[in-house]
Amino acid sequence: MLSTIFIVLIFYFGFSAISQPLSIALLFFRGVGMGLTVGHIYSMYGIKGVPIVLLVFLPYALLTSAILMLAVRESVKMAMLFADYAFAEKSEKLNFRLYVVKFIILFLLCLLSSSILSLICFLCAGLLR
């Protein structure tokens with residue numbers, strides 16, 4: 001769920017060149033959050049937390065991290081195009097429709113990964129006892 005909120009924020013950050021560091025900071029923040037989550041699982045379950053992390057959390061974390069990295073890349077590209085369009089004599093044509101379509105696809109992929117995580121958590125609920 002948090003990844004979909006990050007996708008929306010990163011989408012809006014693509015409309016301003018000064019918000020490029022914010023989109024990269026969101027990616028860093030998400031990584032720190034994932035690390036803290038894994039640390040919390042280990043502190044609660046000890047060595048029994050390893051299969052939980054490997055089976056439940058790691059696939060979701062890898063998938064959403066890749067999706068967020070793609071989103072940040074597209075956001076930075078769009079922000080650079082806006083800056084280029086504003087200050088350069090020659091610039092590429094802004095393709096806003098393609099930008100929106102890419103983010104819709106990334107958003108849907110995040111929803112799909114969250115749904116898969118919910119299904120995996122439901123199926124692996126016995127590991128948590």
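**View 1. Phe103 and its neighbours in the predicted model.** Leaving aside residues up to four places away in sequence, Phe103 touches Ile7, Ile10, Phe11, Ala71, Glu74 and Ser75 (contact means heavy atoms within 4.5 Å). This is a predicted model, so to speak plainly: local features need pLDDT of at least 70, side-chain atom pairs count only at pLDDT 80 or more, and totals for chains, interfaces and linings use all residues. Residues are numbered from 1 along each chain as its sequence is written, and side-chain values use heavy atoms, without hydrogens and water.

**View 2. The largest nonpolar core.** Here 15 residues come together, and Ile7, Ile10, Ala71 and Phe103 touch the most other members. A nonpolar core is a set of buried (under 20% relative accessible area, 1.4 Å probe, protein chains only) Ala, Val, Leu, Ile, Met, Phe, Trp, Tyr and Cys residues joined through side-chain atoms within 4.5 Å. At least two of the core residues come from each of α1 (2-13), α3 (49-87) and α4 (96-123); helices are DSSP runs (H or I, at least four residues), numbered from the N terminus.

**View 3. Where α3 meets α4.** The two helices pack at about 170°, with axes 10 Å apart (lines fitted to C-alpha atoms over the stretch in contact, with angles from 0 to 180 degrees between N-to-C directions). That angle makes α3 roughly antiparallel to α4 (over 145 degrees). Among the residues that meet are Leu63, Ile67 and Ala71 of α3 and Phe103, Leu106 and Cys110 of α4.

How values were computed. Buried < 20%, exposed > 50% of the residue type's maximum accessible area, 1.4 Å probe, protein only. Parallel < 35°, antiparallel > 145°, perpendicular 65-115°, else oblique.
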